[in-house]
Amino acid sequence: MTLFDRAIARTLPAVPRPIVRRISARYIAGPELADACRAVRQLNESGRRATVAVLGEEIETAGEAEEIARLYHDVLEAAEREELDANVSVKPSALGLLLDFGLCRALLRELVEDAAGRSSFVRIDMEDATTTDDTFRLYRELRDMGLDNVGLVLQAYLRRTLADVDALADLRPNVRLCKGIYVEPARIAFQEPDEVRSGFLDALDRLLALGSYVGIATHDERLIGESLRLLGKHGRGPDEYEFQMLLGVRPERAGELVADGNPLRVYVPFGRQWYEYSLRRLQENPAVAGHVASDVARRVLDPFGLLRGRR
Ligand code: FDA
């Protein structure tokens, strides 16, 4: 991010909610479960799978964690009833990880068991580095209970990730591999984009050698190309991996990957906390932040749209 982009990102919270809503509409299915189901149906019709996430990381009480868990059960039930090709992705903190490990494990276990009964799957998202060990512990304990329809996420920017692949090898985990989205110190995380890319490809190579199912979660053209090369090198067929992208990000590229025969899953967030999620997405992406800024400027300078089309 340039200084200018950072400045824009910092001022985003001052942007009126309706504008944030309009710009971010492409990243979020909407506030309600019905919105998520509609988005998933559209994706399925274009050959894409989905993973549905309930927005709600900032919980403070056990009751809120239970409420989020209940919404996730509703998602699983709706996906089965409407015959949608969709599983769920859940943040441990949304199920109370930061409040009470036991509560989080119990809620997650119920969710994974519910998903198993519906032939579905639960992906445990990975959050900031203070939660990494506990998230691995959650995953291992669920697997030790005999639950196999659960996977986790590895973040390529963490220096520990290759060691984590080795530590998890006995479980042959189903992994979503991504760059990692949180701001982490250089002591534990690569800072240079090319170092993160190398970490990504090294981890992918090792996971494929292990025989793990990998969700390759990236919109980065270089990583997509190199990942396809590694899939070829390991002779992986379309039932052994999938690409993953965020709703609204590079949909044309997603379409090309699908047309070439690659399975692809789209992360579909929904929920009443759309505003907080949108701000995060917009702050991550300078191009989108710039779009917001120009949208605001246009409204102030040209409220009737007289200049539109001249830019
Ligand atoms: P990069 O950021 O370089 O993006 C490449 C290009 O894609 C950009 O130049 C831009 O054009 C476009 N792009 C990327 N992000 C965009 C955005 N938000 N809006 C608009 N355009 C965008 N992280 C984590 O720490 N824990 C997790 O559990 C997950 N889960 C997860 C699931 C899925 C399905 C995806 C795709 C990603 C995640 N992530 C995540 C986020 C991930 O770590 C990473 O931050 C983003 O995917 C961005 O990295 P890219 O590899 O896409 O490259």
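Predicted model: local features only at pLDDT ≥ 70, side-chain atom pairs only at ≥ 80, totals over all residues.
## Ligand shell

The ligand is surrounded by 24 residues. The closest are Met126, Lys179, Gly180, Thr218 and His219. By class, the shell divides into 12 nonpolar, 6 polar and 6 charged residues.

Domain 1 (1–28 + 282–299) and domain 2 (29–270) each give residues to the shell, so the ligand lies between them.

## Polar contacts and burial

For histidine 219, a side-chain N or O atom is 2.7 Å from a ligand oxygen. For lysine 179, a side-chain N or O atom is 2.9 Å from an oxygen atom of the ligand. Arginine 176 faces a nitrogen instead: one of its polar side-chain atoms lies 3.1 Å from a nitrogen atom of the ligand.

How much of the ligand's area does the protein bury? Taken alone, the ligand exposes 930 Å², and the protein buries 79% of that.

Strand 7 supplies the largest share, 3 residues.

## Helix 2

Which residues of helix 2 are buried? Helix 2 spans residues 17–24, and its buried residues are Ile19, Val20, Ile23 and Ser24. These cover an arc of only 120 degrees around the axis, which puts them on the same side of helix 2.

## Positive phi in two arginines

Arginine 172 sits in the loop between helix 7 (161–168) and strand 5. Its phi is near 40 degrees, a positive value in a residue other than glycine. Arginine 172 has a relative accessible area of 51%. The cut-off for exposed is over 50%, so arginine 172 is exposed.

Arginine 250 belongs to the loop between strand 7 and helix 10 (251–259). Arginine 250 is not a glycine either, yet its phi is positive, about 45 degrees. Its relative accessibility is 31%, so arginine 250 counts as partly exposed.

## Glycine 235

Glycine 235 lies in the loop between helix 9 (221–233) and strand 7. Is glycine 235 buried or exposed? At 57% relative accessibility, it counts as exposed.

Leucine 208 is 27 residues away from glycine 235 along the chain. The C-alpha atoms of the two residues are separated by 9.4 Å.

Methods:
Residues numbered from 1 in each chain as written. Heavy atoms only, no water. Near = heavy atom within 4 Å. Polar contact = N/O pair within 3.5 Å; in protein donor to acceptor, adjacent residues only side chain to side chain. Areas by Shrake-Rupley, 256 points an atom, 1.4 Å probe, with all protein chains shown as cover. Helix = DSSP H or I, 4+ residues; strand = E, 2+ residues; numbered from the N terminus. Nonpolar A, V, L, I, M, F, W, Y, C, P; charged D, E, K, R; others polar. Domains from an automatic or database assignment. Buried < 20%, exposed > 50% of the residue type's maximum accessible area, 1.4 Å probe, protein only. Arc of directions from axis to C-beta.
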